[in-house]
Amino acid sequence: MLPLFLLSLVERNLSATGQRNCYEKGSKAEQRAKKKQVDEEVSKLSAKLKEGHAAELASLGNSGGINNDNGKEKGNLDTLVKAIAGVSVSSQTDHSKPSKSVKRREKRAQQEADREQRIQEEQNNIVSYRVIENEKLEGMLEPLGLTVNKIKPDGHRLYRSVENQLAIHSGGSSPYTYLELRQMVAAYLRKHATDFLHFFLSENAEGEESDDSLVGRFENYCREVESTAAWGGQLELGALTHILKKHMMIISGSFPDVEMGKEYKSGSGSSASSIMLSYHKHAFGLGEHYSPLIPSYLLKSEIQRETRKLLIWCSPFIYLDVEAR
């Protein structure tokens, strides 16, 4: 509680607050004059408060503590007097505290840093899974004399892979392009809808729905297969085995091998006429995809051919460089 002497001072000098509110209006010269007047008033009030406080302490027998706590009392009294007079002290007491906008910026920066760290950790994990998958797949393919043939990683990748395999089987170009294969798959799915609806529902379930709604969704799916770059999966591979009458083998470093169209497998058991694909779960950020598998010697031959082409192209420049030296 404030002493009676201090309370009386507060009551007598409430007008100081009103004076401050007033000097905020008017010209700059008037404001400076009124501010000076308020500062003088503050100094007088401070002196009176100190005197009264010292007198009260002396009356209680504690006058000896004045000198020891003089610095602390001075700061407290000055702050109190300025508050009574309506003079802002926030610049003295709050200057070290960050504003709300600064706190918000710091919070956003921290959230962004945490997000970047999570993304980096996920990327590191993806790389690790990719390495593990590739190493396992290479170990499975080497005894078979096969290697992965890298092709364009887009939504047509499954159909491009099958096109690549057909080209190898024919010893030249494929009898069908990847776009023609898409159209053939869509037509086959429509013609044999009852055979594929079960598989379609297992991958695209949407709860209870009418037969008309199901047929409509299946038709939309067929249109996507036919005219967009929608990714293909086992549903489309199942159709392709019957369209092409080809045995298919899908080898993966992440899942068990999948064999399709066993009825079309050659009597000798050779995979020379089979469509050989690899399934990759972690190779690209775009998602799961398929790649064609080719005999390793074909890739080596292709590398040798490309190397020879490069040497032939560079040889004139190499000759000129030697002559210049």
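At 4% relative accessibility, H247 counts as buried, where buried means under 20% relative accessible area, exposed over 50% and partly exposed in between, with a 1.4 Å probe and protein chains only. The model is a predicted one, in which local features need pLDDT of at least 70 and side-chain atom pairs count only at pLDDT 80 or more, while totals for chains, interfaces and linings use all residues. Residues are numbered from 1 along each chain as its sequence is written, and side-chain values use heavy atoms, with hydrogens and water left out.

**H247 and its surroundings**

- H247 is found in the loop between α12 and β2; helices (H or I, at least four residues) and strands (E, at least two) are DSSP runs, numbered from the N terminus.
- The side chain of H247 makes a polar contact of 2.7 Å with that of E259, and another of 2.7 Å with that of S274; such a contact is a pair of N or O atoms within 3.5 Å, and within protein one must be able to donate a hydrogen and the other to accept it, residues adjacent in sequence counting only if both atoms are side-chain atoms.
- Leaving aside neighbours within four places in sequence, H247 is in contact (heavy atoms within 4.5 Å) with residues including M260, Y264, K265 and I275.

**The sheet and the helices across it**

- Five strands form an open, mixed sheet in the order β1-β5-β4-β2-β3, where two strands pair if DSSP finds at least two bridges between them.
- β1 (146–148) and β3 (258–260) stand at the edges with a single partner strand each, so one side of each is left without a neighbour in the sheet.
- Strand β2 (residues 248–252) runs parallel to β4 (residues 275–280) and is joined to β4 by five bridges, with M249 standing opposite M276 in β4.
- Helix α12 (residues 234–244) lies across β2, β3, β4 and β5 at about 35 degrees to β3, whereas helix α8 (residues 157–170) lies across β4 and β5 (289–295) at about 15 degrees to β5; axes are lines fitted to C-alpha atoms, for helices over the stretch in contact, and angles run from 0 to 180 degrees between N-to-C directions.

**K152**

- K152, in the loop between β1 and α8, is exposed, with a relative accessible area of 53%.
- Leaving aside neighbours within four places in sequence, K152 is in contact with R157 and R160.
- K152 and S291 are 139 residues apart in sequence and 9.4 Å apart in space, C-alpha to C-alpha.
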